[in-house]
Amino acid sequence: MTKHLIVAGVALLLVASPVLAQRGRAGGAGADANAAAAAKPTPRAADGRPDMTGVWGGAAEPVKALAAGESTRILFPVRTGPDDKRIFDEMDRAAKERQAAEPNKPPYKPELMEKVQLLSDKRQFNDPSFYCKPLGVPRMGPPSQIVQTPGLVVLLYQGRNTFRTIPTDGRPHHPDADWTWNGDSVGRWEGEMFVIDTTKLVEDSWLGADGWFHSNKMHVVERLSRKGDTLTWNATVEDPGVFTKPWEMTPRTVRLNPNPKALLEEDPPCLEQDGPHIVTDDHH
Amino acid sequence: MKQILWTGGLIVALAGAAAPALAHHSLQSEYDINQSITLKGTVTKVDWVNPHVYVYLDVKDDKGAVTKWAVTTLPPGNLRRGGLTRDLLGYGEAVSILAFRARDGANLAFLRTITFADGHKLEIWLGDATKENP
């Protein structure tokens, strides 16, 4: 079988999510890029706090659309050739290797490990995010955009068109708040660090695709710190219902979008149609 | 004998391997890489939705009977970053689609290539282009 592949074009490296904007483009140079961005001056709000306002990560990168009639080839990265018959398997295998190599797993109570494993093995049917439910706090990670005003910080997430409003006027948690996927949040400054305290999180969400469930006793403290043109997000998850101790999630650092006119794009709606056609337990 | 000619256009490698939208189900669990199918028909609908874009087409047989097919592909964010918009996926046009059938026998397949009447092609697929012809 002969196959001619003539590519007259430019290989572009593009990103698929705000998080990947750092990991993907990074690819080795990411740490340097983050260090260079962090070395820039940190802008200040009128109250002297770091001003986190801006679009973070690659979600709002401008995309040049193809012309009508133009050919293209888009390849989602899998570490084998496009014609390899094992390519679907390889996609799953690579994801499993990444998960197995993840050193930072939640500290589940020993008696719950079997449940975690069962949920993980059947994640295709159990992971709420597979079926268009929100990721929720804290799985959603760092925001795509921040609007910082006196008394209120607004967090925008391009994925699933999600928003959070974080009051910073000293009010306590809303005593009558309902249980939701993003919970009831209040914010405060601890020096240069913006701290978000979140309660009332529904137990329907997961903390990660590996069967990482939680109880409605979960309490999340996120910390955002702007240094130059970088924003570092980390979160401490307390859940005495399922953990033996608080879990520090792996921090993520995102860079300020270099385009001052960048705008988030609307994320298309989520309509899951594959579930009824899944016939094996293979999973990423 | 398969021959793919790329005389123009560009190749886009999507960075990273864990986009949130692709934290979806395994392709292996739903589609059979050994059951390729070529569908020639008219695109009747494009669902530009997460977690996977769907293209629907009517396929006519020799006697004029129409069979409805659904062909799915990567998430819309991946397509968007590859320069595609929903109006480039051939709504109302006659196309030939190379895809891989669902294991459950439904009229459902996972897209590899759309070829249009004027000869231009959109390949939306997986893999490392530096490892062609393993």
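Hi everyone, and a quick word on how to read the names. Residues are numbered from 1 along each chain as its sequence is written, while chains are lettered from A and ligands numbered from 1 in the order in which they are written. Because this is a predicted model, local features need pLDDT of at least 70 and side-chain atom pairs count only at pLDDT 80 or more, while totals for chains, interfaces and linings use all residues; side-chain values use heavy atoms, with hydrogens and water left out.

Let's start with the rings. Over all chains, the structure holds eleven aromatic pairs. Rings of Phe, Tyr and Trp (its six-membered ring) pair if their centres lie within 6.5 Å; planes under 30 degrees apart count as stacked, over 60 as edge-to-face and the rest as tilted. One of the pairs is Phe88(A) with Phe110(B), which is edge-to-face, at 6.2 Å centre to centre and 90° between the planes. Why does this pair join two chains? Phe88(A) lies in helix 3 (residues 87-101) of chain A, and Phe110(B) lies in strand 6 (residues 108-116) of chain B, so the pair joins the two. Helices (H or I, at least four residues) and strands (E, at least two) are DSSP runs, numbered from the N terminus.

Buried means under 20% relative accessible area, exposed over 50%, and partly exposed in between (1.4 Å probe, protein chains only).

Phe110(B) has another partner: with Trp125(B) it forms a tilted pair, 6.1 Å centre to centre and 50° between the planes. That pair links distant parts of the chain, with Trp125(B) in strand 7 (residues 121-126) of chain B, 15 residues from Phe110(B). Trp125(B) is buried, with a relative accessible area of 1%. Now put the rings together: Phe88(A), Tyr31(B), Phe100(B), Phe110(B) and Trp125(B) form one aromatic cluster.

Rings can meet charges too. The charged end of Lys115(A) sits over the ring of Phe213(A), 4.2 Å from its centre. Here, a charge sits over a ring if NZ of Lys or CZ of Arg is within 6 Å of the ring centre and within 35 degrees of the ring normal.

Next, a sheet in chain A. Four strands form an open sheet in the order 2-4-5-6, with antiparallel pairing; two strands pair if DSSP finds at least two bridges between them. Strand 2 (54-55) and strand 6 (162-167) stand at the edges, each with a single partner strand, so one side of each is left without a neighbour in the sheet. Two bridges join strand 2 to strand 4 (residues 145-149), and Val55(A) has Gln145(A) as its bridge partner in strand 4.

Last stop: how many disulfides does the structure hold over all chains? There is one disulfide, joining Cys132(A) to Cys270(A), with S to S at 2.1 Å. The cut-off is a pair of cysteine sulfur atoms within 2.5 Å. The link of Cys132(A) and Cys270(A) is left-handed, with -75° about the S-S bond. Cys132(A) is in the loop between helix 5 (123-126) and strand 4 of chain A, and Cys270(A) is in the segment after strand 12 (252-255), 138 residues apart. Cys132(A) is partly exposed at 22% relative accessible area, and Cys270(A) is partly exposed at 26%.
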